[in-house]
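Here are some exercises to work through with the model open beside you. Try each task before reading its solution.

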Amino acid sequence: QVQLVESGGGLVQAGGSLRLSCAASGRTFSRYYMGWFRQAPGKEREFVAVISTSGGSTYYADSVKGRFTISRDNARNTEYLQMNSLKPEDTAVYYCAAADYTIPWMWTMQETKYDYWGQGTQVTVSS
């Protein structure tokens, strides 16, 4: 079992920045790909970003590429999402998730491949 707890959400004006954190406990953090997903009101949950076990590979949704940066600190069992140049359309509940390192990398954009999820943190961007 892996327990994930997100923090860092809040209200920010358009153009501003936030950094989300996801603290993991339980099984070995470094065994897992770590991803971020988000769900806006009335919409399905969507992929945002993923990072490999070592942090050497990352992948982003086109909608956040160049604005968001995913990172991890395996010594601290923590994943981060630095969000810059925020837009009102980034408003959503953001979830971190963990997927076992044995799955193919290209599967990590699919939420059904993730084994563990956090409770979510609200990000609201005002115009």
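A charge sits over a ring if NZ of Lys or CZ of Arg is within 6 Å of the ring centre and within 35 degrees of the ring normal. Keep in mind that this is a predicted model.

**Exercise 1. Charges over rings**

Task: Find which ring lies under the charged end of Lys-113, and which ring has Arg-45 over its face.

Solution: Start with Lys-113. Its charged end sits over the ring of Trp-107, 4.4 Å from the ring centre. Next, turn to Arg-45, which lies over the face of Trp-117 at 3.9 Å from the centre of that ring. Trp-117 comes back in the next exercise.

**Exercise 2. The aromatic cluster**

Task: Work out how Tyr-95 and Trp-117 are arranged as an aromatic pair, and which residues form one aromatic cluster with them.

Solution: First, the overall tally: the structure holds 8 aromatic pairs. In one of them, Tyr-95 and Trp-117 have their centres 6.5 Å apart and their planes at 80°. Planes over 60 degrees apart count as edge-to-face, and that is the class of this pair.

Tyr-95 belongs to strand β9 (residues 92-100) and Trp-117 to strand β10 (residues 116-117), so the pair ties together parts that are 22 residues apart in sequence. Tyr-95 is buried, with a relative accessible area of 14%, whereas Trp-117 counts as partly exposed at 25%.

Third, Trp-117 also pairs with Tyr-114: here the centres are 5.9 Å apart and the planes 55° apart, a tilted arrangement. Tyr-114 is buried, at 6% relative accessible area.

Phe-37, Phe-47, Tyr-59, Tyr-95, Tyr-114 and Trp-117 form one aromatic cluster.

**Exercise 3. An open sheet**

Task: Give the strand order of the open sheet of 4 strands, and say why β1 and β7 each have one side left without a neighbour in the sheet.

Solution: Read across the sheet: the order is β1-β3-β8-β7, with antiparallel pairing. β1 (2-7) and β7 (68-73) stand at the edges with a single partner strand each, so one side of each has no neighbour in the sheet. From one strand to the next, the twist averages 15°.

Now look at one pairing. Strand β3 (residues 18-26) and strand β8 (residues 78-83) run antiparallel and are joined by 6 bridges.

Asn-77 lies in the loop between β7 and β8 and has a positive phi of about 55° although it is not a glycine. In the loop between β8 and β9 you will find Ser-85, another residue other than glycine with a positive phi, near 50°. Asn-77 is partly exposed at 28% relative accessible area, and Ser-85 is partly exposed at 41%.

**Exercise 4. The nonpolar core**

Task: Identify the residues with the most contacts inside the largest nonpolar core, and the strand that gives the most to this core.

Solution: The largest nonpolar core has 38 residues, and those with the most contacts inside it are Leu-4, Trp-36, Leu-81, Met-83 and Tyr-94. Several strands supply at least two residues each, among them β1, β4 (32-39), β5 (46-51) and β11 (121-126). β9 gives the most, with 6 residues.

Leaving aside neighbours within four places in sequence, Met-83 is in contact with residues including Leu-18, Leu-20, Phe-68, Tyr-94 and Val-123.

Key:
Residues numbered from 1 in each chain as written. Predicted model: local features only at pLDDT ≥ 70, side-chain atom pairs only at ≥ 80, totals over all residues. Heavy atoms only, no water. Pairing = 2+ DSSP bridges. Axes fitted to C-alpha atoms, helices over the stretch in contact; angles between N-to-C directions. Phe/Tyr/Trp six-rings, centres within 6.5 Å; stacked < 30°, edge-to-face > 60°. Buried < 20%, exposed > 50% of the residue type's maximum accessible area, 1.4 Å probe, protein only. Core = buried A, V, L, I, M, F, W, Y, C linked by side-chain atoms within 4.5 Å. Contact = heavy atoms within 4.5 Å.
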